Every structure is written in structure tokens, then in C-alpha cells.
Amino acid sequence: MRYRVTQLHALSNAHSPFRVVAQSGREVDWINRYLDQQRVRGVADSTLRSYAHDLLHFLRWWAAANRTSTITGQTLTESTFLDYIRFQVDQNPPPAAESINRRVGTAERAMRREFPEAAGLFAPGFQNWYWRQSRLGYGRPRPALTQLRVKPPKRVIVPLSVEQVARFWSSFHTSRDLAIVGLMLLHGLRSCEVLALNLEDIQFPDSQIRVLGKGKRIRVLPLTRESVELLDHYLSLERPPLCGQALFVCLKGPARGSR
């Protein structure tokens with residue numbers, strides 16, 4: 001049987017819009033219950049979609065390996081997640097270590113939520129027990145189990161040369177582009193957060209900017225003098241009139257004036 005992720009728009013706010021369903025349209029209950037729980041927690045829609053695809057990947061592997069899509073607490077063994085890791089590593093080419101760890105972590109949390117009494121989700125030789133102190137530093141250390149994860153390769157960060165940095169900055173020819181890069185570089189905004197900004201989010205009298213981030217959380221950040229000058233120059237000289245509420249819009253071409 002085939003499974004897929006679908007998006008529904010007529011559900012209540014307490015239900016995830018992303019659902020994992022079978023080819024017949026029947027929902028996979030244990031996955032969708034976990035997604036609904038994360039929705040109630042206030043997880044962003046993009047994260048919910050990622051969870052849905054991770055659990056869909058786990059479900060497809062389980063159905064192929066066990067010849068059934070039914071999962072019970074008795075069928076979960078010590079080697080379940082270890083076998084799932086082996087399956088991913090054995091692919092050609094194998095997925096990145098970060099992708100493997102994300103999928104295993106999502107599936108493990110969903111399994112523990114659905115089957116809290118399931119025994120033995122522990123892989124001897126790959127996981128170890130250790131004593132963990134309270135985060136506040138009080139009380140007795142408690143036994144904790146290391147996570148079943150693969151080791152990601154260490155990344156070697158090569159800094160840019162002076163010539164590369166100069167070439168990067170000289171490639172921008174408008175205050176709009178410089179303001180976009182400045183908001184990401186000096187203020188830590190994500191690219192999607194910059195593109196979603198509206199005119200009302202810029203508060204010039206207070207030199208502040210209001211940002212709608214992950215999980216629909218709003219944060220207010222101070223603006224540097226350079227960012228204020230670039231934004232003021234862009235709005236007064238470059239931005240076309242009557243462009244709606246979007247802060248950054250296209251300046252040329254058929255899409256002129258659109259976000």
C-alpha cells in the first residue's frame with residue numbers, strides 16, 4: 001500500500017493541516033495524532049510539514065521491512081531504530097547524517113508518544129547510560145540514555161578572502177539589495193523573514209523592526225544607523241508607488257511592484 005502527505009485547509013486550528021494518508025484516503029492515525037499534538041504546541045507549519053515527511057519515510061520503511069503498516073508496542077524492539085538507520089546508510093547515495101538523525105529523532109518521539117509503555121527502545125553497544133545533572137545544578141544526578149544517532153562529519157569553514165568580500169559587496173547596485181543583506185548580516189534575519197516584511201514592520205522613530213519568525217513568534221529588534229539610512233533611501237527613491245504592504249518588492253520587469 002502506498003502512502004503520501006496531503007494538506008487540508010478545512011481543519012480546525014487544533015489539527016495539523018498536513019496529514020499522512022494511504023492510497024485509499026485512510027489516515028494513518030498514530031502519525032496524525034503526533035502532528036496534531038505538535039500543532040497544539042504551536043509548531044510552525046513548515047516544521048509540521050517536515051515532521052510529516054519524516055514520519056512518512058519511516059512508515060514506508062516499516063511497511064516494506066515488516067510487510068505490514070500496523071505498529072504496536074510489542075512489535076517495537078531494541079533494534080527497530082538501529083535497523084532504520086542501517087536502511088538509510090545502505091542507500092546509494094546515503095542521505096546526509098543530519099537528515100538521518102532528524103528522521104530517527106522524529107520517529108522516536110512519535111513512537112514514545114504513541115507507545116509510552118513500550119519496552120526496550122535501547123540499542124546496546126550504540127547507546128550508553130550516563131549520569132545527568134539538573135540544568136539548574138541542584139539535586140542528585142539522574143540516569144539518562146544517550147541518543148541513537150550517527151556522527152555527522154566535521155565541517156571545515158574556509159573564510160572568505162579580502163578580495164572575495166570586496167567583490168561580494170560591490171555586486172549590489174541598489175539600496176534595496178544592500179538593505180536586504182544588511183538585515184540578514186547585521187540583525188540575524190532569515191531570508192524568508194526578510195521577504196515577509198511589511199511597511200508597518202519598520203518603526204523609523206524608534207529605529208526598530210518587527211519580525212515574524214518561526215512558530216509565528218514576533219520579535220522586535222533595534223536597527224543600526226546604516227540599516228535605517230538604507231531603508232529610508234530605498235523607500236524614498238527606489239520603491240515604486242502603490243505596491244501594497246510588502247516592504248521589499250521587485251523594481252523592474254513584469255513583476256515590478258510585487259513582493
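In this predicted model, L197 is buried, with a relative accessible area of 1%; the cut-off for a buried residue is under 20%. The residue belongs to the loop between helix 7 and strand 5. Beyond its neighbours within four places in sequence, L197 touches L183, L189, I209, R210, Q245, A246, L247, F248 and R259.

Helix 8 comes next. Which residues of helix 8 are buried? They are S227, V228, L231 and Y234. Viewed down the helix axis, these buried residues fall within an arc of 135°, and they therefore line one face of helix 8. Their cover includes helix 6 (175–187) and strand 5 (202–203). On the face of helix 8 turned away from the buried side sit the exposed residues R225, S236 and L237.

Attention now turns to the largest pocket, which holds about 250 Å³ of space. Its lining is made up of A44, D45, S46, R190, C192, E193, A196, L212, G213, K214, G215 and K216. By residue class, the lining divides into 4 nonpolar, 3 polar and 5 charged residues. Helix 2 (45–66) and helix 7 (191–195) each contribute at least two residues to this lining.

A few backbone details are also worth a look. A cis peptide bond, with omega of about 0°, joins N92 and P93. P93 is placed in the loop between helix 3 (80–89) and helix 4 (97–114).

For S207, a residue other than glycine, phi is near 55°. S207 lies in the loop between strand 5 and strand 6 (208–212), and its relative accessibility of 28% makes it partly exposed. L242 is likewise not a glycine, and its phi is positive at about 55°. Is L242 buried or exposed? With a relative accessible area of 87%, L242 is exposed, and its place is in the segment after helix 8.

Methods
Residues are numbered from 1 along each chain as its sequence is written. This is a predicted model: local features need pLDDT of at least 70, side-chain atom pairs count only at pLDDT 80 or more; totals for chains, interfaces and linings use all residues. Side-chain values use heavy atoms; hydrogens and water are left out. On a 1 Å grid over the protein atoms alone, a cavity is a set of points where a 1.4 Å probe fits but cannot get out, and a pocket is an open set with protein on both sides within 12 Å along at least five of seven lines; lining residues have an atom within 4 Å of a point. Grid points are joined across faces, edges and corners, and a volume is the space filled by probe spheres set on the points. Helices (H or I, at least four residues) and strands (E, at least two) are DSSP runs, numbered from the N terminus. Ala, Val, Leu, Ile, Met, Phe, Trp, Tyr, Cys and Pro count as nonpolar, Asp, Glu, Lys and Arg as charged, and the others, Gly among them, as polar. Buried means under 20% relative accessible area, exposed over 50%, partly exposed in between (1.4 Å probe, protein chains only). The arc is that of the directions from the helix axis to the C-beta atoms. Contact means heavy atoms within 4.5 Å.
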